[in-house]
Amino acid sequence: MKRLKRGERVRVSLNLNGRKLAAEAEPRTLLCDFLRYALGATGTHVGCEHGVCGACTVLIDGVATRSCLTLAVQAEGHEVKTVESLAGADGVLNPLQQAFRDNHALQCGFCTPGILMSFTDYLARNPHASEADIRDVLSGHLCRCTGYAGIVAAIKQAAAGVNGLIEVTQPSRSFPRKRESR
């Protein structure tokens, strides 16, 4: 990677939601800010700016990544997908989005794009996720409105639609499992 100087602006080119786009950015520009303000992908939300809340989660080359912890210059040449990539061109919601709608898994919606992107990656890699697995991944996201029950039910519904193996029932508790310290 080229060494950059403070204040120097560089052209950052990437593939955003299937379109090749480029804009200038300072080396210190966060990917979340670059996506929102330079490229107009406003579905990516910025919450904590410390990688804790998960609202800024996007996919980089298919892997869920906190865009508030990633510099725009690090995305040079990569494929970046935001929540805007999920619905079809005709506006039809993808199965995960539809499950969120069916289960009333959002209220204010601020955290929703990050959760959708995390589980787009996770369910692609783990289609047979258990409720405990879902809660473990969800523990990396903060939601102040829903109490998580609808979110867990939605993810289970989406997973069931993908593989037909997960029984869709109401979750037994309303908060995600805390990660155990290792």
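## Helices and sheet in a predicted model

Helix α1 (residues 31-38) has Leu31, Cys32, Phe34 and Leu35 as its buried residues (under 20% relative accessible area, 1.4 Å probe, protein chains only). The model is predicted: local features need pLDDT of at least 70, side-chain atom pairs count only at pLDDT 80 or more, and totals for chains, interfaces and linings use all residues. Residues are numbered from 1 along each chain as its sequence is written, and side-chain values use heavy atoms, with hydrogens and water left out. Helices (H or I, at least four residues) and strands (E, at least two) are DSSP runs, numbered from the N terminus.

Five strands form an open sheet of mixed pairing in the order β2-β1-β5-β3-β4; strands pair if DSSP finds at least two bridges between them. The edge strands, β2 and β4 (63-66), each pair on one side only. From one strand to the next the twist averages 40°. β1 and β5 pair in the parallel sense over two bridges.

The directions of the helices are tabulated below, with angles from 0 to 180 degrees between N-to-C directions of axes fitted to C-alpha atoms, for helices over the stretch in contact (heavy atoms within 4.5 Å).

| Helix | Partner | Angle |
|---|---|---|
| α1 | β2 | about 105° |
| α3 | α4 | roughly 135° |

The axes of α3 (residues 112-125) and α4 (residues 131-138) come within 11 Å. Ile115, Phe119 and Tyr122 of α3 meet Asp133, Ile134, Val137 and Leu138 of α4. These contact residues comprise six nonpolar, no polar and one charged (Ala, Val, Leu, Ile, Met, Phe, Trp, Tyr, Cys and Pro count as nonpolar, Asp, Glu, Lys and Arg as charged, and the others, Gly among them, as polar).

Key: Buried means under 20% relative accessible area, exposed over 50%, partly exposed in between (1.4 Å probe, protein chains only).
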